[in-house]
Amino acid sequence: ATSCFRVGQRWQLVSGGLDGKVVHWNFNKIRALHSFPVAQAPAQQGQMVNPRYPYCLAPHRNGEHIAVGLGDGSVSVLDLSQRKQLYEFEAWPNMISALRFAEFGQDTVLLAGGSDKRVLVSQLPRADSGVDPLSDLSPALREALSESQAPSGGGGVKSTVKRLLGLKCTSQVNAIESTAEGRVYVGDLGAGILEFDLCAAVVPQPET
């Protein structure tokens with residue numbers, strides 16, 4: 001259903017399929033290095049359609065982590081080297097169709113869009129928790145993102161992921177890009193590209 005290259009590793013890629021697994025490959029030797037059975041966790045309460053198949057992947061620039069968007073609206077973050085799940089949280093009630101690590105926020109901000117016509121701006125924990133991951137942003141963007149930082153629960157791994165903002169789109173989200181200055185660009189099923197300036201005076205708040 002989806003695949004991406006592992007950052008910094010020439011012969012490695014990651015795939016997600018309708019067998020409910022995320023597989024880390026050495027495609028030069030056509031060999032699976034590890035398999036993550038992401039569909040085995042219990043579905044979110046009230047989920048009637050779209051099982052927990054991996055529909056989209058977002059590689060982290062450190063080459064170690066990868067985010068997985070699942071059919072039940074959950075996002076799982078995996079560590080490829082340690083072969084374990086780091087976090088899981090519920091982004092939206094329905095399928096996650098697009099994921100991207102943001103260009104702002106010191107590689108801790110994750111953008112998750114889905115069939116709910118929304119993009120969630122969330123912040124992942126850092127190992128060096130004494131450093132504010134938003135400290136490298138402009139004062140306007142830092143203030144905007146700091147206004148709403150409620151922890152996001154859910155998933156099989158205890159999560160300290162923070163829901164920062166919810167961006168409303170016109171239809172299912174298919175692609176997400178961002179800039180270091182805090183702009184987010186979204187391609188959905190509409191005719192145009194949506195632009196969100198997170199430094200704007202009025203910033204949409206996350207929806208529950």
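Which residue in β4 stands opposite Trp25? Opposite Trp25 stands Ala32 of β4. The model is a predicted one, and the protein chain averages a pLDDT of 83.

**Confidence of the prediction**

- In the protein chain, 76% of the residues score at least 70 in pLDDT.
- Confidence is highest in strand β3 (residues 22-26), where the mean is 97.
- Confidence is lowest in strand β12 (residues 150-151), where the mean is 46.
- Where pLDDT is low, the predicted coordinates should not be read in detail.

**The sheet of β1 to β4**

- An open sheet is formed by 4 strands in the order β1-β2-β3-β4, with antiparallel pairing.
- The edges of this sheet are β1 (2-5) and β4; each has a single partner strand, so one side of each is left without a neighbour in the sheet.
- From one strand to the next, the twist averages 20 degrees.
- Strands β3 and β4 run antiparallel and are joined by 5 bridges.
- Strands of a sheet pair through backbone hydrogen bonds, either parallel or antiparallel.

**The sheet of β14 to β16**

- Another open sheet has 3 strands, in the order β14-β15-β16, and its pairing is antiparallel.
- Strand β15 (residues 183-188) pairs with β16 in the antiparallel sense over 5 bridges.
- Within this part of the model, Tyr185 stands opposite Glu195 in β16.

**Strands β11 and β13**

- Strand β11 (residues 118-123) pairs with β13 in the antiparallel sense, and 6 bridges join the pair.
- The bridge partner of Arg118 is Lys168, which belongs to β13.
- Of the 7 residues of strand β13 (residues 162-168), 5 are buried, so this strand is largely enclosed by the rest of the structure.

- Asp72 is placed in the loop between β6 (65-70) and β7 (74-79).
- Is Asp72 buried or exposed? Asp72 has a relative accessible area of 0%; because buried means under 20%, this residue counts as buried.
- The side chain of Asp72 is joined to the side chain of Arg52 by a polar contact of 3.1 Å.
- The side chain of Asp72 also reaches the backbone nitrogen of Ser74, at 3.1 Å.

**Residues with positive phi**

- Ile30 is not a glycine, although its phi is positive, at about 50 degrees.
- The location of Ile30 is the loop between β3 and β4 (31-36).
- Ile30 is exposed, and its relative accessible area is 71%.
- Lys117, a residue other than glycine, likewise has a positive phi, near 65 degrees.
- Lys117 is found in the loop between β10 (109-114) and β11.
- Lys117 is partly exposed, and its relative accessible area is 42%.

**Cavity and pocket**

- Rolling a probe the size of a water molecule over the atoms shows where empty space is left.
- How many cavities of 30 Å³ or more does the count give? The count comes to 1 cavity.
- The largest cavity holds about 30 Å³ of space.
- Residues lining the largest cavity include Phe5, Val14, Pro59, His60, Ile66 and Leu80.
- The largest pocket has a volume of about 310 Å³.
- The lining of the largest pocket consists of 19 residues, and those nearest its centre are Ala58, Pro59, Leu99, Arg100 and Phe101.
- At least two residues of this lining come from each of β5 (54-59), β9 (96-101) and β14.
- Strand β5 gives the most to the lining of the largest pocket, with 5 residues.

Notes:
Residues numbered from 1 in each chain as written. Predicted model: local features only at pLDDT ≥ 70, side-chain atom pairs only at ≥ 80, totals over all residues. Heavy atoms only, no water. Buried < 20%, exposed > 50% of the residue type's maximum accessible area, 1.4 Å probe, protein only. Pairing = 2+ DSSP bridges. Polar contact = N/O pair within 3.5 Å; in protein donor to acceptor, adjacent residues only side chain to side chain. pLDDT = per-residue confidence, 0-100. Axes fitted to C-alpha atoms, helices over the stretch in contact; angles between N-to-C directions. 1 Å grid on protein atoms, 1.4 Å probe; cavity = no way out; pocket = protein on both sides within 12 Å on 5 of 7 lines; lining within 4 Å. Points joined across faces, edges and corners; volume = space filled by probe spheres on them.
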